[in-house]
Amino acid sequence: MKMSKLYMPTLREVPSEAELPSHKYLLRAGMIRKLVSGVYSYLPLGYRVMKKIENIVREEMDNIGSQELLMSAIQPSELWKESGRWDDFGPEMFKLKDRHEREFCLGPTHEEIFTDLIKDELKSYKQLPLNLYQIQTKYRDEKRPRFGLMRCREFIMKDAYTFDMDEEGMTESYRDMWRAYENIFTRCGLDFRVVEGDSGAMGGSDSHEFMAMSVVGESEIAYCGDCDYAATDEKAICEYKIEVSDSKELEKEKVSTPNIKTIEELTEFFNIPSENFVKTLIYQGKDEVLAVLIPGNRELNEVKLLKHLAIPEHELELADEETIKRVTGANVGFAGPIAISDEVRVIVDKRVTNMKNFIVGGNETDYHIKNVNYNRDFHGEIVEDLLLVREGDKCPKCGSSLKMDRGNEVGNIFQLGTKYSDALNATYLDKNGKAQKIYMGSHGVGISRTMAAIIEQYHDDKGIIWPLSVAPYHAVVTVINAKKEDQMELGEKLYKELSSKGIEVLIDDRKERAGVKFTDAELIGIPIRIAVGRKANENIVEFVIRGEGEKIEIKSEEVLGKVKEVFKSQGLDI
Ligand code: ATP
Ligand code: MG
């Protein structure tokens, strides 16, 4: 491809809305353009990378016997109503009506649609197991679309659905998928970690997330340095313990705390550590107000609370000021469990019940109550674990100390069990002619997010450094002075030679300064650069690997061999 013809609208300035390197460089390198918030167009270079990732995914899916098909993005509401997710998905689902007022959505995922597709066709156990996938556009009206391709409202996903006779079969399909995902992300060059995930809106039992590591990743991961335990912070069990204290229960006492609201302010005011406080968080749940009590030195894990309440994410939010005032009778910052309005459902993290003589909000502006004790002073629903893990907590598997890290979720595998086959009545006939429920799995790879996650790991201050496996082009032949015939001639010769060997080459034939050409090649991240300049008449060119910096002069006949070496060093053949 001639760069003089390439549609590559690069930007010199860093777009102000871009925080992450991937977002910044995808825009600057002219690989994507924003249409509206969370919706992007993929321009030629970006689209080539996307197709490379898609093809890696395709090969690995085909290798485990998954078959590709393509479903519609438009889905009728009826199927979603059958599974109960028409409402559960909440505002994240893009809904629309046709001219006959019939309701549809733009698919955020396809469990219902795949189950419906196979249920009338799958009759006998002989047709199982079945493994299908598609690479398709998904729509989710995310609350906060951000970070470029990381969290979009329209994005590309590979989603696979497995259908098995029983739990054992489902587990086997799950293991196959796990293996395929390890291959996919390894081939994409990613440093990743597989962690236990929460099943969230998908339902079902086991789930694992594939996290591309990044210090600025959106997800937090807890992992053990001594055993293989690793989980998202949403899922990780918090082993934080408070031993039952045997100290005497003291008399409850109201204390004036003018304008002292936060735990930080309180610890300073009382001059005692945050362990002696209990936080009361007021939430608005589904048609009810909740007071959630946790030890003052810890954070609430909302996902665990959602699980306990058995409601979807969009039905839980922190209560507004008006609600807090109504149920506590006090300004924000003074909520507590004692004498709170009867309408409130009180939920207590188990550890609070072991604490003695703690301090809570007084449900009266500018007052707290000290020497409060569970049972004697208030009651609630006790939940084993509502806390977010933190660095240093005990590993739930081996007891060693947990560490925290960050990453971006690029893939997710789920064991769904019979959730969708129950809802949509998808059965097969077993050997004895008896109808049995199909066991399902659902497995996603965020193709467009993977593209961003790769850049997060492969960039420097000049631009992207693509691994060869996903690079839009493998090499660029930079003709330093395109007006010089000998330089153009040698450049074109190299371009043809390399192209004929299956190497994807750009030739920079633009009538630009050499500096501009080098800067662009670095920005768009082409792995190999061959510069043809003054020494063209001696058949000498400059060879450099992006990200390594060391420039060497070689004979033009040596270029192909050198390129092959670079491929080999990245585990690829050409
Ligand atoms: P997240 O927790 O990041 O919102 P999710 O768990 O809802 O993601 P899944 O339903 O598991 O996502 O979707 C499968 C894959 O699709 C994810 O692993 C992720 O890589 C990708 N993905 C999900 N949501 C988005 C999005 N809004 N933009 C880009 N990619 C996404
Ligand atoms: Mg997920």
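Helices (H or I, at least four residues) and strands (E, at least two) are DSSP runs, numbered from the N terminus. The views below show a predicted model.

**Figure 1. Overview of the predicted protein, with 14 helices and 31 strands.**
The protein has 574 residues, of which 53% are buried. Along the principal axes, its C-alpha trace spans about 95 × 70 × 55 Å.

**Figure 2. Loop between strands E14 and E15, with aspartate 287.**
Aspartate 287 is found in the loop that links E14 to strand E15 (289-295). Its phi is positive, about 55 degrees, although aspartate 287 is not a glycine. The relative accessibility of aspartate 287 is 74%, so the residue counts as exposed, the cut-off for that class being over 50%.

**Figure 3. Loop between strands E18 and E19, with asparagine 363.**
Asparagine 363 sits in the loop between E18 and strand E19 (367-372). Here too phi is positive in a residue other than glycine, with a value near 55 degrees. Asparagine 363 counts as buried because its relative accessibility is 9%, and buried means under 20%.

**Figure 4. The second largest pocket and its lining.**
This pocket holds about 450 Å³ of space. Its lining consists of 24 residues, and those lying nearest the centre are Lys261, Lys279, Thr280, Leu281 and Gly333. At least two lining residues come from each of helix H7 (263-270), strand E14 (278-284) and strand E18 (358-361). E14 gives the largest share, 5 residues. Sorted by class, the lining of the second largest pocket contains 14 nonpolar, 6 polar and 4 charged residues.

**Figure 5. Protein donors of the magnesium ion (ligand 2).**
Which protein atoms are the donors of the magnesium ion? They belong to Glu409 (OE) and Asn412 (OD1), and they lie 2.1 to 2.3 Å from the ion. Glutamate 409 has a relative accessibility of 23% and therefore counts as partly exposed. Asparagine 412 has a relative accessibility of 10% and therefore counts as buried.

**Figure 6. The largest nonpolar core.**
The core comprises 62 residues, and the members that touch the most others are Ile53, Phe185, Trp466 and Ile524. Helix H2 (residues 44-63) supplies the largest share of this core, 7 residues. Both domain 1 (21-237 + 404-456) and domain 3 (473-569) give residues to the core, which means that it lies between them. In soluble globular proteins, nonpolar side chains tend to be buried together.

**Figure 7. The cis peptide bond between leucine 128 and proline 129.**
Omega of the bond joining leucine 128 to proline 129 is about -5 degrees. Proline 129 lies in the loop between helix H5 (111-119) and strand E7 (130-139).

**Figure 8. Tyrosine 420 in helix H10, shown with glutamate 112.**
Helix H10 (residues 419-423) contains tyrosine 420. Is tyrosine 420 buried or exposed? It counts as buried, because its relative accessibility is 0%. Tyrosine 420 and glutamate 112 are 308 residues apart in sequence, and their C-alpha atoms are 6.8 Å apart in space.

**Figure 9. Aspartate 393 between strands E20 and E21.**
The loop joining strand E20 (381-383) to strand E21 (402-417) carries aspartate 393. With a relative accessibility of 7%, aspartate 393 counts as buried. From the C-alpha atom of aspartate 393 to that of methionine 404 the separation is 9.9 Å, and the two residues are 11 residues apart along the chain.

**Figure 10. Methionine 165 between strand E8 and helix H6.**
Methionine 165 has its place in the loop between strand E8 (154-164) and helix H6 (167-187). Its relative accessibility is 32%, so methionine 165 counts as partly exposed. Methionine 165 and leucine 386 are 221 residues apart along the chain, with 36 Å between their C-alpha atoms.

**Figure 11. Glutamate 196 in strand E9.**
Strand E9 (residues 192-196) includes glutamate 196. The relative accessible area of glutamate 196 is 28%, so the residue is partly exposed. Lysine 248 is 52 residues from glutamate 196 along the chain, and 41 Å separates the C-alpha atoms of the two.

Terms used. Residues numbered from 1 in each chain as written. Chains lettered and ligands numbered in written order. Predicted model: local features only at pLDDT ≥ 70, side-chain atom pairs only at ≥ 80, totals over all residues. Heavy atoms only, no water. 1 Å grid on protein atoms, 1.4 Å probe; cavity = no way out; pocket = protein on both sides within 12 Å on 5 of 7 lines; lining within 4 Å. Points joined across faces, edges and corners; volume = space filled by probe spheres on them. Nonpolar A, V, L, I, M, F, W, Y, C, P; charged D, E, K, R; others polar. Donors = N, O, S within 2.8 Å, 3.2 Å for Na, K, Ca; no water. Buried < 20%, exposed > 50% of the residue type's maximum accessible area, 1.4 Å probe, protein only. Core = buried A, V, L, I, M, F, W, Y, C linked by side-chain atoms within 4.5 Å. Domains from an automatic or database assignment.
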